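Dear colleague,

Please find below the structure that I am handing over to you. My notes on it follow directly after.

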Amino acid sequence: MKKTLRFPHPLVLLLGFIVLALLLSYLLPAGVFNRMPDPATGREVVVPGSYHLVPSTPVNPLAAIVDIPKGMADAASVIFFVFLTGGAFTVVDQTGALRHGVDWLLVRLRGREALVIPIVSLLFATMGALENMQEEIIPLVPVLLVLMRRLGYPTLTAAAVSLGAAAVGAAFSPLNPFQVGIAQKLAQLPLLSGASFRLVFLAGALLIWIGGTMRFARRHREVPLVDVAMEEAELAETSHGRHGLVLALLLLAFAVFTYGVLRLGWEFEQMGALFFGLGVAAGLLGGLGLNGTAEAFIAGFRDLAFSALLIGFARAIFVVLEQGQIVDTIVHSLSAPLGHLPVTLSALGMMGMHTALHLPVPSVSGQAVLTMPILTPLSDLLGLPRQVTVLAYQYGAGLCELITPTNGALMAIVAACGVRFDAWWRFAFPLYLLLLALGAVAVVVGIVVELA
């Protein structure tokens, strides 16, 4: 029997990257850029041309092991947000409200079930474009799994319509504050400049991703549970008072969540507190009682423990690289050759640089702070529009969120869906290449029209 190459277990994969980071701390010279506060963003940014070597600080194996709990501590706010919101959604699920809501939706979409994928994808893409939604998706996975199973679609589809669509929306967004917003500030460009240009390519990107997701879902669809679910929903329509109250509470929580993130600048602590309150209120309204609500929370904590902890392991990779003082060395090595290339090749090279850099630096905002102060003056010397430099960063770094194993949210969501990472790669990688090609076209067109 022919054996197929399979990715290792997600935990093994992340541990492998931690070992690789440890080895690189011995192989690469240690070096740093000087940094200063940026008044536009309030963040520490690098000083262009300030890279210099420093005494080597290789990370010994014991220190790398210690960096794993350090990575978890660094990602603590995200991890506990996942636990609290995961527990809350388990409470909501155990009241029966989620399944009732899904059944109600399928009754309304009888004969038009295929619309579920584009509708849900556009919803998550919008949230990705607005606020770089990623970790916030993890607690929603159980709801999406119920929906996809009712339709007979494979569980991978739940990850595709949520994190996949959100990552595409974020990468091509005209206003994502954590990607294009920070990058434009650092490049001294007006916020929302070039928005219409980006919207055109955002539409094309969503057509590629949603079309690919629908094709995959149709090809792998099994006998759906829709008909049974519809009958149950129709029989229960006259006795769903508690379910309706819980769902109304859930919608209210999402409205408060959206307002808090977009207008009040909420961090993960505030978001976690909101959903914890949602869980308690939903349990009591849904008839679980205090003990039943507590037990549902515990079940949610247990189900999402592995997914949440993967985020900490992914963060540990960067902690090791940072401790070895080689992150700036990698940035300097990747950016230095760009100044010797023609303008178009330099811009495309920036996309490639951001793609390569996103593996050791999986934070898109952190990557902007690290690279834009270096690439902005370089683009001026080359005669490359600054807006195109921002595009190269957006597409190069942002699209990597679809495939990078060091993206903790991606690993957590794929694991929560019960999907092997190699299966996700087989689905996502061809679409990623198409999206990367679209981004390259946008960069070249931006140069031709001198996008400002």
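What volume does the largest pocket have? The volume of the largest pocket is about 1,400 Å³. This is a predicted model, in which local features need pLDDT of at least 70 and side-chain atom pairs count only at pLDDT 80 or more, while totals for chains, interfaces and linings use all residues. Residues are numbered from 1 along each chain as its sequence is written, and side-chain values use heavy atoms, with hydrogens and water left out.

Pockets

A pocket is an open set of points on a 1 Å grid over the protein atoms alone, with protein on both sides within 12 Å along at least five of seven lines; a cavity is a set where a 1.4 Å probe fits but cannot get out, and lining residues have an atom within 4 Å of a point. Grid points are joined across faces, edges and corners, and a volume is the space filled by probe spheres set on the points.

The largest pocket has 48 lining residues, and those nearest its centre are Arg-315, Ser-363, Val-364, Ser-365 and Gly-366. Its lining comprises 22 nonpolar, 12 polar and 14 charged residues (nonpolar: Ala, Val, Leu, Ile, Met, Phe, Trp, Tyr, Cys and Pro; charged: Asp, Glu, Lys and Arg; polar: the others, Gly among them).

The second largest pocket holds about 850 Å³. Of its 25 lining residues, Leu-123, Val-143, Leu-250, Leu-251 and Phe-254 lie nearest the centre. Two or more lining residues come from each of helices H4 (97–108), H5 (116–131), H6 (141–151) and H11 (241–263); helices (H or I, at least four residues) are DSSP runs, numbered from the N terminus. This second lining has 23 nonpolar and 2 polar residues, with no charged ones.

Cavity

The count is 1 cavity of 30 Å³ or more, and the volume of the largest cavity is about 40 Å³. Among the residues that line it are Glu-136, Phe-254, Phe-257 and Phe-275. Helix H3 (76–94) and H11 each give two or more residues to this lining, which by class has 7 nonpolar, 1 polar and 1 charged residues.

Helix H16 and two buried residues

Helix H16 (residues 364–382) bends by about 40° at Thr-371, with Pro-373 following within four residues; the bend is the angle between axes fitted to the seven residues ending at a residue and the seven starting there. Because 15 of its 19 residues are buried, H16 is largely enclosed by the rest of the structure (buried: under 20% relative accessible area, 1.4 Å probe, protein chains only). After H16 comes Gly-383, with a positive phi near 80°.

Gly-398 belongs to helix H17 (residues 386–398) and is buried, at 0% relative accessibility. Its contacts, leaving aside neighbours within four places in sequence, are Ala-167, Ala-171, Gln-179, Val-364 and Tyr-393 (contact: heavy atoms within 4.5 Å). Thr-293, in helix H13 (residues 289–323), is buried as well, with a relative accessible area of 5%.

Annotated spans

An unreviewed UniProt entry lists several spans as "transmembrane region", including residues 304–321 and 429–449; such annotations may be inferred rather than shown by experiment, and positions are given in the numbering used here. In the model, residues 304–321 are 100% helix, and their end C-alpha atoms lie 27 Å apart. Residues 429–449 are 95% helix, with end C-alpha atoms 30 Å apart.

With kind regards

Key: Buried means under 20% relative accessible area, exposed over 50%, partly exposed in between (1.4 Å probe, protein chains only).
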